[in-house]
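Reader: I am new to this structure and would like to learn how its features are read, one at a time. Could you give me the general idea first and then the case at hand?

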Amino acid sequence: MGTNIGANIRRERDRLGWSQSRLAREVCRAAGIPGDPVGRQEISRWETGKRTPREWLPFLATALGVPVEALTGPSTPAEPPLPTLADFLPEEDLLSPLEGRTVRRVGMGTVDELQQRVHGLRLADDVLAGGDLIRPALRDLRRVVKLYRESTHTGEVGRQLLRQIGELAQIAGWIASDAGQHEEAERIYRLGISAARQAEDLTLAGNLAGSLAYQMSNTGREGEGLILAQAAFRDSQAEAPPKARALYLDRVAWAHTKAGGTENGQQAMRALGEAGQALSEDTPGTESPAYLYWVDAGELRVMESRVYTELHRPLRAVPLLREVLSAYDATHTREMALYLSWLAVALADANEPEEAAAVAERVISLGADTPSERVAERVRVILGRLQGYASVPEVRSILDSAA
């Protein structure tokens, strides 16, 4: 019976569009009990059948606005429920308050300082690679989580601290992934999703989940990446501003592309079109989170060109990449190397090995001074693609140098 109850609770919560944290608060309110005797983790345990609510059932029913029988009756969904971001949260609550917390009380001034620090790390990531930033990024994340768990604060300050943990986790996870520490990056992303959802910031949760989906799609977990990218868009689109929706759809497009096959290729192109439509709705008066400062039409063109390259359509990819690269900020060395890597592959696909070799040489030169596993992997991809042209002198020279 516990399994049926869990499925019914989740069904009713999804119907209302509530997070697990929201339901936990409503249950406590319905019970008239001060404090937080029921939290998000307990709701998760009920929904997964790990525990049965028992004495909490009447309050659950009241909070959800249904009779108790609606929760205890059989659950026979026509098909398995679609995954949601809650399915990707860590089992344990790494953000729960510690026993015997210090008397230190933090306010909005601390939040403002953290916000500036996080944005500074984002700007540093524009010009430095993961190997340069991994230590300060992880140090900052651990410090902020420790601050949140050990200090006392008002509810609003707590939510803002959780939001900063989420934002810091997004950039720290990205940096860890760029440094090749994929397991560490995944742990960080999942922590960030948990923090963002507890702060009830679904736009941020979608950004974090999309970043994790992107990593999965690029590290041999294409099926998982597609499921998560779709869940991120589905769960977060209602509250997301145009730039965020465009970014979610960009990642859905890439996940479809990496999943392979004709149907996924068509779905990727459809998602790219929807991303462009979403971005067109971003007007000067539209507010977007600061962490989306880099999402613009140029970035969408980059993703479009990458999709075309992966689908072996170089006649579409090459002009797009040349257009973007002609106006790209050369101080962003890692991104320049990555975008050039796609151009090299597209040129090879277009049967232009001499030009592909020239671009590959530039990628290798930029990568030599860039401690980025992403760039290193792209160099390996280029060299593999050029093997078919080993008899061309320019290509032979590149392959010999790399060897």
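## Reading salt bridges and the overall fold

Reader: What is the relative accessible area of R159, and which class does that give it?

Author: R159 has a relative accessible area of 35% and is therefore partly exposed, where buried means under 20%, exposed over 50% and partly exposed in between, with a 1.4 Å probe and protein chains only. This is a predicted model, in which local features need pLDDT of at least 70 and side-chain atom pairs count only at pLDDT 80 or more, while totals for chains, interfaces and linings use all residues. Residues are numbered from 1 along each chain as its sequence is written, and side-chain values use heavy atoms, with hydrogens and water left out.

Reader: With which residue does R159 form a salt bridge?

Author: A salt bridge is a side-chain nitrogen of Lys or Arg within 4 Å of a carboxyl oxygen of Asp or Glu. Here the partner of R159 is E156, with the closest N and O atoms 3.2 Å apart. The two residues are three apart in helix 8 (residues 155-178), so about one helical turn separates them; a helix is a DSSP run of H or I of at least four residues, a strand a run of E of at least two, and both are numbered from the N terminus. E156 is partly exposed as well, at 39% relative accessibility.

Reader: How far apart are the closest N and O atoms of R396 and D400?

Author: They lie 3.1 Å apart, which makes R396 and D400 a salt bridge. Both residues sit in helix 19 (residues 393-402), and because they are four residues apart, the separation is about one helical turn. R396 is partly exposed at 35%, and D400 is partly exposed at 47%.

Author: Salt bridges that share partners also join D125, D178, R334, E335 and R374 into one network. In total, the count comes to 29 salt bridges.

Reader: How many helices and strands does the chain have?

Author: The chain has 19 helices and zero strands. The radius of gyration, taken over C-alpha atoms, is compared with a globule rule of 2.2 Å times the number of residues to the power 0.38. For this chain it is 24 Å, close to the 22 Å that the rule gives for 403 residues, so the chain is as compact as a globular protein of that length. The C-alpha atoms fill a box of roughly 80 × 50 × 45 Å along the principal axes, and buried residues make up 53% of the 403 residues.
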